[in-house]
Amino acid sequence: MILTIDVGNSVMTMGLYTPEGALRFRGSIKTDKNKTQDQIAIDLLDIFHLYQAEIRSVTGAVISSVVPPMTSAVAAAARQLTGAEPMIVGPGMKTGMNIIAETQNQLGSDIVASAVAALHRYPAPIIVIEIGTATTISYLSPNTFEGCVIFPGVRIAVEALSGRAAALPHIALEEPAAPSILGRSTIEAMRAGALYGNAGMLDSIIQRMEEAAKPAATVVMTGAQAELIGRYCRREILYDKDLILDGLYVLYQKNSGLHDRRKKK
């Protein structure tokens, strides 16, 4: 079994894959930079117990992290529980794609993982959208990462609006009671702004990327609010909940031989 862990700014998500590549379970906990190795290990054990899985069945692990203070603690916790040396997504890892970037090691490991999964699964050119603390939109030609756009995620933008505007309340991100862009109350107007506004940004950036490169054969999105916002996009967009975890599994398979040789040195 292969354990995949994606450490995001808001949530740490993990998945357990069978030798055949099937996802046995996915679970998530809140990201907390102050947790110790032992606390993270307890969280991992709790997730395994919740889904009635045996952590000692894990023979390999791979981690992507955009929270540097947590990376070593998560890796140590995984090593402590499984006995396997975790693979960390980063520079020098085989991805199977060319990365066109001025500084390749600045590209987020979650972006790399989702791009690898998309190229493995869908016809190119591909536009990949990740909606989380930040929203990233990447353009992939066959076997090449051409570039991306990054802007504030929908949740953080809504929280900033409520925090800076005294008269605006904190709201839950959900569909308006009346499915219309014309909000009839403050809360409905804020929800309409968040959903239609972000959907409009996605539609516009997709169009601009296609004008700058070529029309995409596939547009796919992932992330906590992706499915909700995708309903308001005019462009047809596939929703793939496990894109990052699947990409981590593919990366493990591509690098497991190299990883094993490094452990023996």
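Which residue of strand 2 stands opposite I2? I looked it up, and I2 faces Y17. A note to myself before going on: this is a predicted model.

**Entry: the two strands**

I stayed with that pair of strands for a bit. Strand 1 covers residues 2-7 and strand 2 covers residues 11-17. They pair in the antiparallel sense, over six bridges.

Next I checked what packs on the sheet and found helix 2, residues 68-82. Helix 2 touches strand 1, strand 2, strand 4 (60-65) and strand 5. I also looked up its direction, which makes about 170° with that of strand 4.

I found an open sheet of five strands, running 3-2-1-4-5, and the pairing is mixed. At the edges I noted strand 3 (23-30) and strand 5 (87-88), each of which pairs on one side only.

**Entry: D240**

I moved on to another spot in the chain. Where does D240 sit? I found D240 in the loop between strand 11 (238-239) and helix 7 (243-264).

Is D240 buried or exposed? I jotted down a relative accessible area of 7%, and since the cut-off for buried is under 20%, D240 counts as buried.

I then went through the side-chain partners. The D240 side chain makes a polar contact of 2.5 Å with the side chain of R121. I wrote down another polar contact, 2.6 Å, between the side chains of D240 and Y122.

Last, I listed what D240 touches, leaving out residues up to four places away in sequence: R121, Y122, V220, M221 and T222. So R121 and Y122 turn up again here, as residues that D240, buried at 7%, touches.

Notes
Residues are numbered from 1 along each chain as its sequence is written. This is a predicted model: local features need pLDDT of at least 70, side-chain atom pairs count only at pLDDT 80 or more; totals for chains, interfaces and linings use all residues. Side-chain values use heavy atoms; hydrogens and water are left out. Helices (H or I, at least four residues) and strands (E, at least two) are DSSP runs, numbered from the N terminus. Buried means under 20% relative accessible area, exposed over 50%, partly exposed in between (1.4 Å probe, protein chains only). A polar contact is a pair of N or O atoms within 3.5 Å; within protein, one must be able to donate a hydrogen and the other to accept it, and residues adjacent in sequence count only if both atoms are side-chain atoms. Contact means heavy atoms within 4.5 Å. Two strands pair if DSSP finds at least two bridges between them. Axes are lines fitted to C-alpha atoms, for helices over the stretch in contact, and angles run from 0 to 180 degrees between N-to-C directions.
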